[in-house]
Amino acid sequence: MRWTRSYIPTLKEAPSDAEVISHKLLLRAGMIRRLTSGIYTWLPLGLRALNKAADIVRKEMDEAGAQEILMPTVQPADLWSESGRWEKYGKELLRFKDRHERDYCLGPTHEEVITDLLRGEIRSYRQLPINLYQIQTKFRDEIRPRFGLMRGREFLMKDAYSFDSTDEGADKSYMSMRDAYTQIFTNMALNFRPVEADSGAIGGSFSHEFMVLAETGEDTIAACTAWPKCSFAANVERCAVLPQKADTSSAESLPMLEVDTPHAHTVEDIAKFLSVNKNTILKTLLLIADGKPVAALLRGDRELNMIKLKNLLDVEELDFANPEQVTRHTNAPVGFAGPVGLHDVKLIIADHELNITNDWVAGANKKDTHVMHLNLHRDASITQWADIRNAVENDPCPHCGTALELKKGIEVGHIFKLGTKYSESMKAVFVDENGIENPIIMGCYGIGVSRVVAACIEQNNDANGIIFPPPLAPYKVTVINLDPKNEAVTAKADAIYAYIKGKNLEVIYDDREERPGIKFKDADLIGIPLQIIIGGKSLEKGFVETKIRKSNEKGQINAENYEKEFDALYEEMLSMWK
């Protein structure tokens, strides 16, 4: 493809509303344009990258035995009412009525539609297992679309659904998809990790997220530093923190002592006022679990993990107590709660970490007062010791005991073992070998195909622009003619362009009559992996210049016998991404 015949509207500066680097670079590189909030048009270069991602996904899904279908974007409300999600899904579900006043929605996901399809077709266990997938546009009416493709309202997604007759079969389908996803993101040359995750609104018994590692990621991952020997990684809300050896001795503890702490409401205030370290302070958090008060105790420099606590308590609703409720249960304003002397609080849950010492600073349940030398075993009535905090750097890996590290990641894929959540509510059943009717066991597997492109750029960029991995690059090579009016330069550029095309490599030929500086900037901006640069001065010396975008390494190849040297250079470029 020649640049002069292409639509590549690059920009010198990103629009002011572009926030993250992928959004800025996709706009500047002429790959997308905004239509309205959270909705984008894909331009030729961007669409090529998007299609590359979709093709890699499609190939591995087919290899794994899944079959491609295409389901409608518009879905009837009746199906969502059957599953119970019409009321529960929230305002992200864009609802509307047709001319007959019937309720519909734009599909954010397709569990209901696929379940409805299969319940009308599957009768016997002999028809299972089945795995069906689609690559299709989805719509979620995000309250605040932002970050370009990272959190848009309309996006391209691959969603797959497995159907099995046994739990063993469902586990096998799940692992097959986990392996396929690993291969997909490996084939995209992305640095990623599969992590244990929470199932969220989709539901299901367990799930994994696939995270592209990038400093700009919104999610925090706790990963074992022994990778790849130990493959453990988990979202922080799912990462178990192993209990350490408890110190139950009370003999060494000094008597509990009340101290005045005027206006010291926060952990930072108390540490400064009493000249103690934050890790010696115990904070008492008051929460309301299904209408009942609960106290959660953890170290002052730790964060409460609401998901862990909610799962531990097995409740539907869990929220922090409001100031009025705090005062009711502590007889003190916010900031002075402690585990000793709470009023009408039957459940006091202490984090495992508080078990390793017996000398704490805590609130005294009195205004402007704290206690020192608190011994939880001696002075408080702990209902349960449990893991209720977020993992932090250097916590032991729950699989092998090696230290954990925290990394930032961007979710690009999520797989769920749904079980019978949808098949039971929508009566999708099969008859087993004994003639007994059972609900089909389901799995759900999604990849944000358009998000992959953005995540790839978040991971691979520099001050000059995008650095595309070869599998996702719109073109593998760019041939840059620095002087189209020079017959010798143009003849050589044409010949090299024809040679690369003849090798069935995707190549774009910059034949514009523009200044060399503009061509260099555009080549770096759009991030094509390999640049071949033909100019008059170098040609007179018998060579053409080269640049590998990933390393920014410049070189040269023979202008006359360039074939073998180009082939070797191309392989060298590819090897940098393995």
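Author: In this predicted model, the count comes to one cavity of 30 Å³ or more, a cavity being a set of points on a 1 Å grid where a 1.4 Å probe fits but cannot get out. The model's local features need pLDDT of at least 70 and side-chain atom pairs count only at 80 or more, whereas totals for chains, interfaces and linings use all residues. Residues are numbered from 1 along each chain as its sequence is written, and side-chain values use heavy atoms, without hydrogens and water.

The largest cavity holds about 60 Å³ of space. Its lining (residues with an atom within 4 Å of a point) brings together Val 241, Leu 242, Pro 243 and Gln 244 with Asp 351, His 352 and Glu 353, and also with Asp 387 and Arg 389. By class, the lining of the largest cavity has three nonpolar, two polar and four charged residues.

Turning to the backbone, most residues other than glycine have a negative phi, and most peptide bonds are trans. The bond from Leu 128 to Pro 129, however, is cis, with omega near 5°, and Pro 129 sits in the loop between α5 (111–119) and β7 (130–139), where helices are DSSP runs of at least four residues and strands of at least two. The bond from Trp 227 to Pro 228 is likewise cis, with omega near 5°, and Pro 228 belongs to the loop between β11 (219–224) and β12 (233–235). Lys 427, although not a glycine, has a positive phi of about 55°, and Lys 427 lies in the loop between α11 (421–425) and β22 (429–431).

Technical notes: 1 Å grid on protein atoms, 1.4 Å probe; cavity = no way out; pocket = protein on both sides within 12 Å on 5 of 7 lines; lining within 4 Å. Points joined across faces, edges and corners; volume = space filled by probe spheres on them. Nonpolar A, V, L, I, M, F, W, Y, C, P; charged D, E, K, R; others polar.
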